[in-house]
Amino acid sequence: MAERKKSQKNYPVSGAETSIYRQVKCDSFTVEGYSRAPVMTFWRIPEFKLGFDLGWQPWEFMGIPRYFVSHAHMDHILALPAYIARRRMMDMTPPTIYIPEQKVGDLRQLLAAFSRLEQSVMPCEIIGVKPGDEIDLSRELLVTVHKTWHTVPSVGYIVWEKRKKLRPEYLELSGDEIRELNQRGVQISYEQRFPRVAFLGDSSSRGLDENPDMYRADVLITEMTHIPQGNDLNPLAGHMQLDDYVNRREKFQNKKIIASHFSIRYSSREIDTTVREKLPDMLDGRLVLV
């Protein structure tokens, strides 16, 4: 179904916007985005039509109709008003924003201030979430909300693929017999869930340890804010560091582990060199530094 009335072809995208983010492919879906503390964090999975955090908003990301926000620090929500305004300008349907329930009121006030500044409207649906919530996106996709440990209210998310399976006791029945049972309201199937993408957001390692399904997701988007070396500053609370990965290497069952949100005090070369010193096999080649 078309998501917009106007064509984006009339609005070419500059190379500067497309060059800022990375792309990681895994089986049938793609993770695109970038994160650097405290500058910006933004991700999308085009095939699932959803994104995580809005610290930046490349023009081509505008077509994603829903975003799941981990917390309200500026480098994770700075582009949220621009995203909403751009969709309005392009006559696209208002987006849905999921955010920790404690911050719904503050977000409404922020958007109201932008509306007054622009003398326009900021159409969107804001939904507060809390750990334990389940959000059905379609017959095939579900998002669950998980507690994380940061310096402000924060959550992580897991995207699950759902599949219906026929119960073992009915496997030998004919199609007509199955239809008859179904018409009588008999539960002939059960649901299987497969964790496809886990997004930790900003959190200490406790966010992973107390949400073990994140270790099982096909792709884990996580953070490695600190790679302390020598006289480096002590790691800040509510973040992960390189040693957290070294100490947990046996827990990661993921096909891809995207480590990001590195502090800006490290250069890209420092990050790559230091991580490879402690994890020379890059977790069996599954670790991707973004």
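Which strand supplies the largest share of the lining of the largest cavity? In this predicted model, that share comes from strand 12, with three residues. Strand 12 spans residues 219–223, and strand 3, at residues 40–45, likewise contributes at least two residues to the lining.

A search of the whole structure returned one cavity of 30 Å³ or more. The space in the largest cavity amounts to about 60 Å³. Its lining is made up of 13 residues, and those closest to the cavity centre are Thr41, Phe199, Gly201, Thr222 and Ser260. Sorted by class, the lining of the largest cavity holds seven polar residues, three nonpolar residues and three charged residues.

Phe199 also takes part in contacts between aromatic rings, as a member of a cluster in which ring pairs link it with Phe52, Phe68, Tyr98 and Tyr157. The count of aromatic pairs in the structure comes to eleven. In one of these, Phe29 and Phe48, the ring centres are 5.2 Å apart and the planes meet at 35°, so the pair is classed as tilted. Phe29 belongs to strand 2 (residues 29–37), whereas Phe48 is located in the loop between strand 3 and strand 4 (50–54); the pair therefore ties together parts of the chain that are 19 residues apart in sequence. Both Phe29 and Phe48 are buried.

Another aromatic pair, formed by Tyr215 and Phe252, is edge-to-face, with a centre-to-centre distance of 5.3 Å and an angle of 70° between the planes. Tyr215 lies in the loop between helix 6 (206–209) and strand 12, and Phe252 in the loop between helix 7 (242–246) and strand 13 (256–260), and the pair thus links distant parts of the chain, 37 residues apart. Tyr215 has a relative accessibility of 4% and is therefore counted as buried, the cut-off being under 20%. Phe252 is also buried, with a relative accessible area of 4%.

Charged side chains were found over aromatic rings as well. Lys147 is placed over the face of Trp149, at 4.9 Å from the ring centre. Arg163 is placed over the face of Phe194, where the distance from the ring centre is 4.6 Å.

Technical notes. Residues are numbered from 1 along each chain as its sequence is written. This is a predicted model: local features need pLDDT of at least 70, side-chain atom pairs count only at pLDDT 80 or more; totals for chains, interfaces and linings use all residues. Side-chain values use heavy atoms; hydrogens and water are left out. On a 1 Å grid over the protein atoms alone, a cavity is a set of points where a 1.4 Å probe fits but cannot get out, and a pocket is an open set with protein on both sides within 12 Å along at least five of seven lines; lining residues have an atom within 4 Å of a point. Grid points are joined across faces, edges and corners, and a volume is the space filled by probe spheres set on the points. Helices (H or I, at least four residues) and strands (E, at least two) are DSSP runs, numbered from the N terminus. Ala, Val, Leu, Ile, Met, Phe, Trp, Tyr, Cys and Pro count as nonpolar, Asp, Glu, Lys and Arg as charged, and the others, Gly among them, as polar. Rings of Phe, Tyr and Trp (its six-membered ring) pair if their centres lie within 6.5 Å; planes under 30 degrees apart count as stacked, over 60 as edge-to-face and the rest as tilted. Buried means under 20% relative accessible area, exposed over 50%, partly exposed in between (1.4 Å probe, protein chains only). A charge sits over a ring if NZ of Lys or CZ of Arg is within 6 Å of the ring centre and within 35 degrees of the ring normal.
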